[in-house]
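Hi there,

Here is the structure I promised to pass on. Have a look at it first, and then read my notes below.

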Amino acid sequence: MSKPPIKRSEHIVTLSREHHFSLLFAWKVKRGLALGIDQERIMDYVFHFWNEHTVMHFKQEEEVLFAIHNDELVDRALKEHQEVYKIIEGFENWNRTDDISKELTALSELITAHVRFEERDLF
């Protein structure tokens, strides 16, 4: 069972705050699908959030935070980052006529679970 969130070290407060926006991103993707928002519009948002927020966030975690630790929790976090990268790479070849609601749902659920894991277990 996951532990409740705890007060963050001052060294990771910024990364932890960014997780709030990642959770909001995941919620918006899932909510957009539920409301029948055009997938092209959702994909524009996914690519915007990815390029403007997630890439840098992952880079900071991987190069700064995770680089100095080597344990199974860090290994899990890195594996989950790779899963997100793989989903995003698949989106780059998206044909605008294809239904990718399953992939968008998977991305939303993965981001949510990943943030919860980092906040409750890793951090």
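Does Glu80 count as buried or exposed at its relative accessibility? At 10% relative accessibility, Glu80 is buried, where buried means under 20% relative accessible area, exposed over 50%, and partly exposed in between, using a 1.4 Å probe and protein chains only.

Before going on, please keep in mind that this is a predicted model: local features need pLDDT of at least 70, side-chain atom pairs count only at pLDDT 80 or more, and totals for chains, interfaces and linings use all residues. Residues are numbered from 1 along each chain as its sequence is written, and side-chain values use heavy atoms, leaving out hydrogens and water.

Now for the salt bridges (a side-chain nitrogen of Lys or Arg within 4 Å of a carboxyl oxygen of Asp or Glu). Searching the whole structure turns up 4 of them.

Glu80 pairs with Arg76, with their closest N and O atoms 2.8 Å apart. The two sit 4 residues apart in helix 3, about one helical turn; helices here are DSSP runs of H or I with at least four residues, numbered from the N terminus. Arg76 is partly exposed, at 39%.

Helix 3 also holds Lys79 and Glu83, again 4 residues apart, and their side chains meet at 3.5 Å, N to O. Lys79 is exposed at 54%, while Glu83 is partly exposed at 31%.

Finally, Arg96 and Glu40 form a salt bridge at 3.6 Å, N to O. Arg96 lies in the loop between helix 3 (72-91) and helix 4 (101-122) and Glu40 in helix 2 (residues 39-65), so this pair ties together parts 56 residues apart in sequence.

Enjoy exploring!
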